[in-house]
Amino acid sequence: MKLNNKGYQIICEFEGFSSEPYLCPAKIATIGFGNTFYGDGRKVTMIDEPITRVEAFDMFKDIADKFAKRVSDCVTSPLNQNQFNSLVSFTYNVGVANFMNSTLLKRVNANHNDPDIKTQFLRWDKVGTKKLKGLTKRRIYEADNYFAE
């Protein structure tokens with residue numbers, strides 16, 4: 001599967017845009033629409049030059065498509081577009097390794113309609129032990145969107 005326009009929009013809205021590097025709540029250098037790496041694999045640093053919104057979106061789309069491919073490769077059960085978009089948004093935020101080792105993925109692969117999937121999304125609203133309102137809001141949206149028709 002691939003992200004559709006709604007999927008790209010969801011991620012962009014939650015990530016927000018910054019033309020200049022900044023430290024995200026996890027203290028990782030980030031730029032554009034939540035990118036911690038550039039398309040060529042280089043890590044973002046705090047001394048990087050600013051980028052334009054167009055450059056940021058092109059970079060974001062390229063990287064988001066790579067995340068979508070990884071999610072598609074990991075999920076063995078059939079998904080609708082909303083379910084796929086939600087899982088890619090989640091993975092873009094927490095990283096592929098965390099997604100691959102998550103109970104969320106295990107539940108999705110066992111039964112893509114398991115109601116516990118919502119609970120599994122909601123567990124991922126912290127940086128370290130600190131609960132973040134923005135992450136809680138994102139996880140609620142992803143969980144609700146996952147089960148939307």
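**Exercise 1.** Classify Glu 142 as buried or exposed, then find its salt-bridge partner.

*Solution.* Step 1: Glu 142 has a relative accessible area of 0% and is buried (buried is under 20% relative accessible area, exposed over 50%, partly exposed in between, with a 1.4 Å probe and protein chains only). The model is predicted; local features need pLDDT of at least 70, side-chain atom pairs count only at pLDDT 80 or more, and totals for chains, interfaces and linings use all residues. Residues are numbered from 1 along each chain as its sequence is written, and side-chain values use heavy atoms, with hydrogens and water left out.

Step 2: Glu 142 forms a salt bridge with Arg 138, with 3.1 Å between the closest N and O atoms (a salt bridge is a side-chain nitrogen of Lys or Arg within 4 Å of a carboxyl oxygen of Asp or Glu). Arg 138 is also buried, at 3% relative accessibility.

Step 3: The two residues are 4 residues apart in helix H7, so about one helical turn separates Glu 142 from Arg 138 (helices are DSSP runs of H or I with at least four residues, strands are E runs of at least two, and both are numbered from the N terminus).

Step 4: Glu 142 and Arg 138 belong to a network of salt bridges that also links Glu 15 and Arg 139.

**Exercise 2.** Which parts does the salt bridge between Lys 118 and Asp 144 tie together?

*Solution.* Step 1: In this pair the closest N and O atoms are 2.8 Å apart. Step 2: Lys 118 lies in helix H6 (residues 116-122) and Asp 144 in helix H7 (residues 133-146), so the bridge ties together parts that are 26 residues apart in sequence. Step 3: Lys 118 is partly exposed at 33% relative accessibility, and Asp 144 is partly exposed at 38%.

**Exercise 3.** State the accessibility class of each residue in the salt bridge between Asp 125 and Lys 131.

*Solution.* Step 1: The closest N and O atoms of Asp 125 and Lys 131 are 3.5 Å apart. Step 2: Asp 125 is buried, with a relative accessible area of 3%. Step 3: Lys 131 is exposed, with a relative accessible area of 54%.

**Exercise 4.** How many salt bridges does a search of the whole structure find?

*Solution.* Step 1: Side chains of opposite charge can pair when their charged atoms come close. Step 2: The search finds 10 salt bridges. Among them are the pairs Lys 118 with Asp 144, Asp 125 with Lys 131 and Glu 142 with Arg 138.
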